[in-house]
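Me: I have a model open and want to learn how to read it. Can we start with the pockets and then move to the core?

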Amino acid sequence: MDRTAVVTGASSGIGEATARRLAAEGFDVVAAARRRDRLDKLAAEVPGVRAVTLDVTSQESVDALAASLERCDVLVNNAGGAIGLETVANGDVADWQRMYDTNVLGSLRLTKALLPRLVASGDGVLVMLTSVAGLVSYEGGGGYNAAKHAQTAMTEVLRLELCGEPVRVVEVAPGMVHTEEFSLNRFRGDSAAADRVYQGVPDPLTADDVADAIAWCVTRPAHVNVDRLVIRPRAQAAQHKIHRV
């Protein structure tokens, strides 16, 4: 029977690239996100991709997705993102709440809803798309750091709790990735500020690079678990060490 992969946040960036890549690997891909027009375009372009409208902050929406699935072999919790670069002292509680609700509680909702199907598959793979921001904190990243650290902690706990079950728990933690929307959303639509993040950086990661890493983790033999894969561009040696030309 064909294996089914659910990818959240699949309307753009890493989520879209992952949906395309897993479809190329032979999965039946459920591409889930809020922006249905983008998903429909993706499904029309890529055989094996099915569009499903999903808001990870809504339990009703998550339940509807789960009810529509006959099986789930792979879940990629990709939906999330960063908002703002204010200090903790100047942090906007609403922004922190939104980041926590999408990155952390969104992953929790999807995991709870689809974990029984992952177990029933006999070889389930749960992928958490976190960030190096969940491993190393930095100034101006308080809310995003907090959310990604929480998501990383959830991943570690899941691996412990599911030990002995036929489910692999994988964390993929990218560094600097240049996608069309991540920094733009973080800078609240200021495209000039968003572009400065990548200015002079030779070959930052692309969404396809991260999708390639996710696909590699998912397609390892059933007994091989990639606990955590940190992926950065060569130009980024660490959070604060970036080569620019």
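**Reading a pocket, then a core**

Reply: This is a predicted model. Take the second largest pocket, with a volume of about 170 Å³.

Me: How is empty space found in general?

Reply: Rolling a probe the size of a water molecule over the atoms shows where empty space is left. Here, 15 residues line the second largest pocket. Nearest its centre lie Glu165, Val167, Arg168, Ala222 and Asn225.

Me: Which strand gives the most to the lining of the second largest pocket?

Reply: Strand β6, residues 167-174, with 3 residues.

Me: How do the lining residues divide into nonpolar, polar and charged?

Reply: The lining of the second largest pocket has 6 nonpolar, 5 polar and 4 charged residues.

Me: Now the core. Which members of the largest nonpolar core touch the most other members?

Reply: Leu22, Val29, Val127, Val172 and Ile214, out of 36 residues. Helix α8, residues 207-218, gives the most to this core: 8 residues. Apart from it lies another core of 33 residues, including Val52, Ala79, Met99 and Leu110.

Me: What does Ile214 touch, leaving out residues up to four places away in sequence?

Reply: Ile214 touches Ile14, Thr18, Val76, Val127, Leu129 and Val172.

Me: Thr18 is on that list. Is Thr18 buried or exposed?

Reply: The cut-off for buried is under 20% relative accessible area. Thr18 has 1% relative accessibility, so Thr18 counts as buried. Thr18 sits in helix α1, residues 13-24. Leaving aside neighbours within four places in sequence, Thr18 is in contact with Val7, Val76, Ala211 and Ile214.

Note on methods. Residues are numbered from 1 along each chain as its sequence is written. This is a predicted model: local features need pLDDT of at least 70, side-chain atom pairs count only at pLDDT 80 or more; totals for chains, interfaces and linings use all residues. Side-chain values use heavy atoms; hydrogens and water are left out. A nonpolar core is a set of buried Ala, Val, Leu, Ile, Met, Phe, Trp, Tyr and Cys residues joined through side-chain atoms within 4.5 Å. Buried means under 20% relative accessible area, exposed over 50%, partly exposed in between (1.4 Å probe, protein chains only). Helices (H or I, at least four residues) and strands (E, at least two) are DSSP runs, numbered from the N terminus. Contact means heavy atoms within 4.5 Å. On a 1 Å grid over the protein atoms alone, a cavity is a set of points where a 1.4 Å probe fits but cannot get out, and a pocket is an open set with protein on both sides within 12 Å along at least five of seven lines; lining residues have an atom within 4 Å of a point. Grid points are joined across faces, edges and corners, and a volume is the space filled by probe spheres set on the points. Ala, Val, Leu, Ile, Met, Phe, Trp, Tyr, Cys and Pro count as nonpolar, Asp, Glu, Lys and Arg as charged, and the others, Gly among them, as polar.
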